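My entries follow the display.

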Amino acid sequence: MRRAAVLLRLGLLGTAMLAWPALAQQPVPAAVAEAYAPATGDAWVDRQLADINAYAARYPEAFVDELARYAGARPGYVQALLQDHGWKPGDVYLACFWGRLSGSNCRTAVKARAQQPEASWKEVLAGLQPPPDNLRWRALRHAIVASFDHWDRPITLDPLLQRQLGDRAQREAAARKAAAE
């Protein structure tokens, strides 16, 4: 709202509103991403979680829907974490997907995080069962890419992910093929 007021005073509101959809899809600037530090131990994951914060601020319904559909989280639970408990969307995303990937649920990771509020996510996840392993980290990274694809949000893959998943066109072709089988 403040941004709109400033733009209105500068006579730029109309121009900004035309560009708003494009701006909403831009990755979060590095300075903003650095302010949020989940400290998962994976710099790529940390950057994407910061970008998820920006996306969820603009599209909260799509964010909640993503967690409900693909992480098995109850929408009301996600909304309560965000609104009543002040969790950052990136933290909710990580907790819910990690829970799903570990054969547990969102609440298990949320409870572990709540018991160690000063700990890094790397420390919190290390205390969960089963403990983090390469398979879960790879699955989390793939889930993040899939979410960005669902949101039609640009994402830069690191070389390993590029080899594993290919570019956006290759990922879409693979998804079509899997749906047809």
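The entries below run from the whole chain down to single residue pairs.

**Basis.** I am working from a predicted model, in which local features need pLDDT of at least 70 and side-chain atom pairs count only at pLDDT 80 or more, while totals for chains, interfaces and linings use all residues. Residues are numbered from 1 along each chain as its sequence is written, and side-chain values use heavy atoms, with hydrogens and water left out.

**Whole chain.** I looked up the secondary structure and found 12 helices and 0 strands (DSSP runs, H or I of at least four residues for helices, E of at least two for strands, numbered from the N terminus). Of the 181 residues, 40% are buried (under 20% relative accessible area; exposed is over 50%, partly exposed in between, with a 1.4 Å probe and protein chains only). Among contacts (heavy atoms within 4.5 Å) with a separation of 6 or more, 60% come from residues 24 or more positions apart.

**Helix α8.** I asked which residues of α8 (residues 106-115) are buried. They are Cys 106, Ala 109, Val 110, Ala 112 and Arg 113. These residues lie on the same side of α8 because they cover an arc of only 165 degrees around the axis (taken from the directions from the helix axis to the C-beta atoms). Lys 111, Ala 114 and Gln 115 are exposed on the other side. The buried residues of α8 pack against α6 (75-83), α7 (89-101) and α9 (121-126).

**Disulfide.** My search of the whole structure gave 1 disulfide (a pair of cysteine sulfur atoms within 2.5 Å). Cys 96 and Cys 106 form it, with their sulfur atoms 2.0 Å apart. The pair links helix α7, which holds Cys 96, to helix α8, which holds Cys 106, 10 residues apart. The S-S torsion is about -55 degrees, so the disulfide is left-handed. Both cysteines are buried.

**Salt bridges.** I count 9 (a side-chain nitrogen of Lys or Arg within 4 Å of a carboxyl oxygen of Asp or Glu). Asp 149 pairs with Arg 171, the closest N and O atoms being 2.7 Å apart. That pair links helix α10 to helix α12 across 22 residues. Asp 149 is buried at 14% relative accessible area, and Arg 171 is buried at 13%. Salt bridges that share partners join Asp 149, Asp 152, Arg 168, Arg 171 and Glu 172 into one network. I also noted Arg 136 with Asp 133, closest N and O atoms 2.9 Å apart.
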